[in-house]
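Work through the exercises below with the sequence and the 3D view open side by side. Try each task yourself before reading the solution that follows.

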Amino acid sequence: MDNLEKQLICPICLEMFTKPVVILPCQHNLCRKCANDVFQAANPYLPTRSGSLTSGGRFRCPSCRHEVVLDRHGVYGLQRNLLVENIIDMFKQESSSSTRPAQERKEETPMCDVHEDEKINIYCVTHGVPTCSMCKVFGAHKDCEVAPLGTVYETKRSELSDGIAMMVGNNDRIQGIISQLDEACRVIEENGRRQKTKVCEKFDHLYSVLEEKKRQMSQKVTAEQEEKVNYIQGLTKKYGDHLEESCKVVERGIQTMEETEMALFLQNVRDLLKKIEDASSTAHLDKVERGYEKMDHYKVDFRRERKALDSLDFIRDDDDENEDEGDGEAGEGARTVSGGAAVSAPPAQPSAPQQINPSLSPTSSSPST
């Protein structure tokens, strides 16, 4: 019987179900009054009429937390559990026919700690404790306000029931808030991943622009380097050919000096002197001016660009107001908005490095540095 009685206890009022008993979609049972209290606590802003709800709503089962959705009839639209009601009737009948000792044990009242022969039968309102009549007349509670134990019992039991219903509603609301916070965390993480991906894409694009610019500038230096080297190598070959011809003239001159026949010597010496004079002159050969080999005119100064890179940051709200004004200026930094955040490019386009292409002609002036 005790186990059966536990199965017939309402999880809200903690007493045996009172008619009518309603069955929830999750197959758990509640007193209709308790179900109505839980429903009103979970839906405090729904309109009521004569103490009953006039529109649908929802609340959670206090036993399994399953969400119960009601129609416009509210809890009065839930089906009654006639089986449980019949079991309650039979249980009460069986309990009333039980033995007298069992009834006496059930109705046993605790005794006063001070007056051991007196039962606790009143409630001290002043101190908030149950006590006996002797304590009120002669004891510590003689000057206190007291009330009948049954009256205070019903009042406190009603307060406890209302408190439980209110806590159930509060728990539902807190659970809803927790769900919203969990969803907010998930959305924040997803947005963070998406924005970091976009930032990385913008920086990758910036890297590619810098790599392309580095390649172009390196090609310009390489082109002038190759042109100058080719010119110097060609000039070296001309001087080498001239030196070879001069050596041949010197060798022929030595052979002519060994000639003892005066007539034959004089016949050959005229042409030889002419060739010596021509070989001694280098006027027809180009000459490289001083500083021609220098390449330091390809100077780069990235201080402005360094400042621009240091100032890279996300666009602020006040930047959005001036975005239209900046669209018409080519020198202003381009901004790319990415889903609520943006990566700001340098405010000014990097200036091209100073490039001076000196003339390769040997007669040109020295390149300025």
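**Exercise 1.** How many residues apart in helix α6 are F203 and Y207, and about how many helical turns separate them?

*Solution.* Keep in mind throughout that this is a predicted model. Begin with the positions in the helix: F203 and Y207 are 4 residues apart in α6, and therefore about one helical turn lies between them. Next consider the rings, whose centres are 6.3 Å apart and whose planes make an angle of 50 degrees, so that the pair falls between the limits of 30 and 60 degrees and is called tilted. Finally look at the accessibility, where F203 has a relative accessible area of 28% and is partly exposed, while Y207, at 46%, is partly exposed as well.

**Exercise 2.** Classify the pair formed by the rings of Y231 and Y292, and find which parts of the chain the pair ties together.

*Solution.* The ring centres of Y231 and Y292 lie 5.8 Å apart and the planes stand at 65 degrees, so the pair is edge-to-face. To place the two residues, note that Y231 belongs to helix α6 whereas Y292 sits in the loop between α7 and α8, which means that the pair ties together parts 61 residues apart in sequence. Both Y231 and Y292 are buried.

**Exercise 3.** Which residues touch the most other members of the largest nonpolar core, and which element gives the largest share?

*Solution.* The largest nonpolar core has 27 residues, and those touching the most other members are C10, F17, L24, L30 and F59. Several elements give two or more residues to this core, including β1, β2 and α6, but the largest share, 4 residues, comes from α2. As background, nonpolar side chains in soluble globular proteins tend to be buried together.

**Exercise 4.** Where are Q27 and R65 found, and is each of them exposed or partly exposed?

*Solution.* Q27 is found in the loop between β1 and β2, and its relative accessible area of 56% makes it exposed. R65 is found in the loop between β5 and β6, and with 33% relative accessibility it counts as partly exposed. Neither residue is a glycine, yet phi is positive in each, at about 75 degrees for Q27 and about 65 degrees for R65.

Technical notes: Residues are numbered from 1 along each chain as its sequence is written. This is a predicted model: local features need pLDDT of at least 70, side-chain atom pairs count only at pLDDT 80 or more; totals for chains, interfaces and linings use all residues. Side-chain values use heavy atoms; hydrogens and water are left out. A nonpolar core is a set of buried Ala, Val, Leu, Ile, Met, Phe, Trp, Tyr and Cys residues joined through side-chain atoms within 4.5 Å. Buried means under 20% relative accessible area, exposed over 50%, partly exposed in between (1.4 Å probe, protein chains only). Rings of Phe, Tyr and Trp (its six-membered ring) pair if their centres lie within 6.5 Å; planes under 30 degrees apart count as stacked, over 60 as edge-to-face and the rest as tilted.
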